Amino acid sequence: MAAPAANLRINGDRLWDSLMEMAKIGPGIAGGNNRQTLTDEDAAGRALFQRWCEDAGMTMGVDKMGSMFFRREGTDPDALPVYVGSHLDTQPTGGKYDGILGVLGGLEVVRTLNDLGIKTRRPIVVVNWTNEEGTRFAPPMVASGVFAGVHELDWAYAIKDAAGKTMGDELKRIGWLGDEEVGARKMHAMFELHIEQGPILEAEGKDIGVVTHGQGLKWIQITLTGKESHTGSTPMPMRVNAGLGMARITQLVDEIAWSNQPKAVGAIGHVEVYPNSRNIIPGRTVFTVDFRSPDKAILDDMDARLREGAKKIAAEIGLGIEIEQIGHFDPVTFDEKCVTTVRNAAERLGYSHQNIISGAGHDACWINRVAPTAMIMCPCVDGLSHNEAEEISPEWAKAGADVLFHAVVETAEIVS
């Protein structure tokens, strides 16, 4: 495969303008975005993306999970396509770049090819995966998980949000329930551009992260059941405080993560307290533990220690306890050839780079099971993500998209 010439670059201003235009849909309250999956805002973002892709000459396919696939034809109609993309959905208080950079970076690859009149032997497909974030419908990366055979379609349709609405019904409601069988598409390779969502690249002064591995993840939901009672008139020895149990388990999670440094992280994010009144001792708490590690043995050990310790804490207080795993994927090793293609592209373009392990889960982690896959990362300010203050520079976005362009086009094979 011939590599693109080093002088070939994407249009950074156009990419940045597209990012800012998409950010107008589902604006947050503090400068970011609230475009949660399968909301009206998500539907509007999808429609804008569809218009841009069709304007670039691509044809659309939509599968039964609502994932959007836009195809630029190659000269060989029988060649397996090179896929590129990420997700357009956001957290409730999300930033303008998490996922969106990868989708619009893929669009910019095609736009640049059009500008330069370059044809590739293999088709190129730009994809927007449904419900990567998992914030409205847990777990994360649902559509790519169904595509890779990790989840069943009917199971995904039945997932409910906090209001009791299902994924299947919401896909129909917003008009993005496609008819294409999920996973029927075959890929030659896939590349995903993403912001780092961590502080390493900025701290090291690197333009590009060459992602070699992805951390494994376990989301463990714990429900503690105690007894609601008056905070003023219930003697301390007679309390069955579900809030106290949650607090002690929170401390346990932190201790477990610290004991596995530097190869693990852990925290409690999602929390529900009932009845959540100032003068009532909590009778029930529901919360989710998020453990991550690039080492499967460590991940499994943290899970086991949590379950044993949480049951002991509950017994000491007199609480009922239920423990359920609601999200999981093993650590990922990305395809060596694809990773090398990314690294070579960064070197050819003169961008500083380093190997990096992704601390977050991404659609590429599931797709890696069914096709050779690699990821490219660019820095983000202070490593901040899943926050409306998430920020990157136009220069970082351009560098990442330049490397993406070279990796995708080299893999798709230039014909003319």
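**Cavity, pocket and helices in a predicted model**

Colleague: How many cavities of 30 Å³ or more are there?

Modeller: The count is one cavity of 30 Å³ or more. Please bear in mind that this is a predicted model.

Colleague: How much space lies in the largest cavity, and which residues line it?

Modeller: The largest cavity holds about 30 Å³ of space. Its lining is made up of Asp 89, Thr 90, Gln 91, Gly 94, Gly 95, Asp 98, Ile 100, Glu 133 and His 386.

Colleague: How do the residues of that lining divide into nonpolar, polar and charged?

Modeller: One residue of the lining of the largest cavity is nonpolar, five are polar and three are charged.

Colleague: And the second largest pocket, what volume does it have?

Modeller: The volume of the second largest pocket is about 180 Å³. Gln 215, Gln 261, Pro 262, Lys 263, Ala 264, Val 265, Pro 294 and Ile 357 line this pocket. Five of the lining residues are nonpolar, two polar and one charged.

Colleague: Where does UniProt place the dimerisation domain?

Modeller: An unreviewed UniProt entry places the feature "domain: Peptidase M20 dimerisation" at residues 215-315. In the model, the span of residues 215-315 is 37% helix and 34% strand, with its end C-alpha atoms 32 Å apart.

Colleague: Turning to Leu 252, where is its place?

Modeller: Leu 252 is in helix 8, which covers residues 242-258.

Colleague: Why does Leu 252 count as buried?

Modeller: Leu 252 counts as buried because its relative accessibility is 15%, and the cut-off for buried is under 20%.

Colleague: Which residues is Leu 252 in contact with, leaving aside its neighbours within four places in sequence?

Modeller: With those neighbours left aside, Leu 252 is in contact with Arg 305, Leu 306, Gly 309, Ala 310 and Ile 313.

Colleague: A change of topic: what span should helix 2 have, and how far apart are its end C-alpha atoms?

Modeller: Helix 2 has 16 residues (40-55), so at 1.5 Å a residue it should span 22 Å. Its end C-alpha atoms are 23 Å apart, which agrees.

Colleague: Which residues of helix 2 are buried, and what do they pack against?

Modeller: The buried residues in helix 2 are Asp 42, Ala 43, Gly 45, Arg 46, Leu 48, Phe 49, Gln 50, Trp 52 and Cys 53. They pack against helix 1 (12-22), helix 3 (100-116) and helix 6 (167-174), as well as strand 1 (59-62), strand 2 (68-72) and strand 4 (124-128).

Conventions. Residues are numbered from 1 along each chain as its sequence is written. This is a predicted model: local features need pLDDT of at least 70, side-chain atom pairs count only at pLDDT 80 or more; totals for chains, interfaces and linings use all residues. Side-chain values use heavy atoms; hydrogens and water are left out. UniProt positions are given in the numbering used here, feature names are shortened, and annotations may be inferred rather than shown by experiment. Helices (H or I, at least four residues) and strands (E, at least two) are DSSP runs, numbered from the N terminus. Buried means under 20% relative accessible area, exposed over 50%, partly exposed in between (1.4 Å probe, protein chains only). Contact means heavy atoms within 4.5 Å. On a 1 Å grid over the protein atoms alone, a cavity is a set of points where a 1.4 Å probe fits but cannot get out, and a pocket is an open set with protein on both sides within 12 Å along at least five of seven lines; lining residues have an atom within 4 Å of a point. Grid points are joined across faces, edges and corners, and a volume is the space filled by probe spheres set on the points. Ala, Val, Leu, Ile, Met, Phe, Trp, Tyr, Cys and Pro count as nonpolar, Asp, Glu, Lys and Arg as charged, and the others, Gly among them, as polar. The expected span of a helix is 1.5 Å times one less than its number of residues.
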